[in-house]
Amino acid sequence: MMYELPTSLEVNGIEYPIRTDYRAVLDICAALSDPTMKDWEKAVAMLLLYEDYESIPKSDIEEALQKAAWFINCGDSAPGRPAPKLMDWEKDFKWIVAPINRIAGTEIRALEYLHWWTFISYYYEIGDCFFAQIVNIRNKKARGKKLEKYEREFYNANRDAIDLCEGITEADKEFIKQILGG
């Protein structure tokens, strides 16, 4: 068990301090999801997790990227089976923040600092809310399941919130999978 929240990552035997605030990681996630960015730009975005990324030797970049993915995945290896994309941090943040605020008992955007893993712990506890309904409908649509009448009505009323941009290319998906160790 890991009881402490990491604030650095070891790459080739050297500890490198990292940016652990949830906002920094969400910025990286947005970059990784950006269909206009090239693979090398996404790699640079991942390296920005490290406070002093310029000091990482070129020979250690691959390991640094793997460790960054481990941190972003909250200490887990890359996700096992590919699943349909059901959320987008950038698009959905406005729907996610309210239930996280409820769970955290405070306005998280007003906090000077919130560790990424704590943010994700709050995220995992999101219960029934507007965002959960959005994800449920995205899940059914992605799996080709029929929407109930109330879900169709919700979808029609909230189509802009529910529909995700399909701008990520197969090459981008493969790169992200590689970065996340998949």
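Ring pairs join Tyr22, Trp89, Phe93, Trp116, Phe119, Tyr123, Tyr124 and Phe131 into a cluster. Rings of Phe, Tyr and Trp (its six-membered ring) pair if their centres lie within 6.5 Å. This is a predicted model, where local features need pLDDT of at least 70, side-chain atom pairs count only at pLDDT 80 or more, and totals for chains, interfaces and linings use all residues. Residues are numbered from 1 along each chain as its sequence is written, and side-chain values use heavy atoms, with hydrogens and water left out.

**Confidence**

- The protein has a mean pLDDT of 89, and 88% of its residues reach 70 or more. pLDDT is the predictor's confidence in each residue, from 0 to 100.
- Confidence is highest in strand S2 (residues 14–17), at 98, and lowest in helix H9 (residues 170–179), at a mean of 61. Helices (H or I, at least four residues) and strands (E, at least two) are DSSP runs, numbered from the N terminus.
- Where pLDDT is low, the predicted coordinates should not be read in detail.

**Aromatic pairs**

- The count comes to 13 aromatic pairs. Planes under 30 degrees apart count as stacked, over 60 as edge-to-face and the rest as tilted.
- Trp89 and Trp116 pair edge-to-face, at 5.8 Å centre to centre and 65° between the planes.
- This pair links distant parts of the chain: Trp89 is in helix H4 (residues 89–104), Trp116 is in helix H5 (residues 116–124), and they are 27 residues apart.
- Both Trp89 and Trp116 are buried. Buried means under 20% relative accessible area, exposed over 50%, and partly exposed in between (1.4 Å probe, protein chains only).
- Tyr123 and Tyr124 form a tilted pair, at 6.1 Å centre to centre and 55° between the planes.
- Tyr123 is buried, with a relative accessible area of 17%, whereas Tyr124 is exposed at 56%.

**Helix H1**

- Helix H1 (residues 22–32) is mostly covered, with 8 of its 11 residues buried.
- Among the buried residues of H1 are Tyr22, Val25 and Leu26. Tyr22 also belongs to the ring cluster.

**Asp60**

- Asp60 lies in the loop between helix H2 (39–47) and helix H3 (61–72).
- Asp60 is buried yet has no salt bridge. A salt bridge is a side-chain nitrogen of Lys or Arg within 4 Å of a carboxyl oxygen of Asp or Glu.
- Lys and Arg count as positive and Asp and Glu as negative; His and the chain ends are not counted.
- Leaving aside neighbours within four places in sequence, Asp60 is in contact (heavy atoms within 4.5 Å) with Val11 and Asn12.
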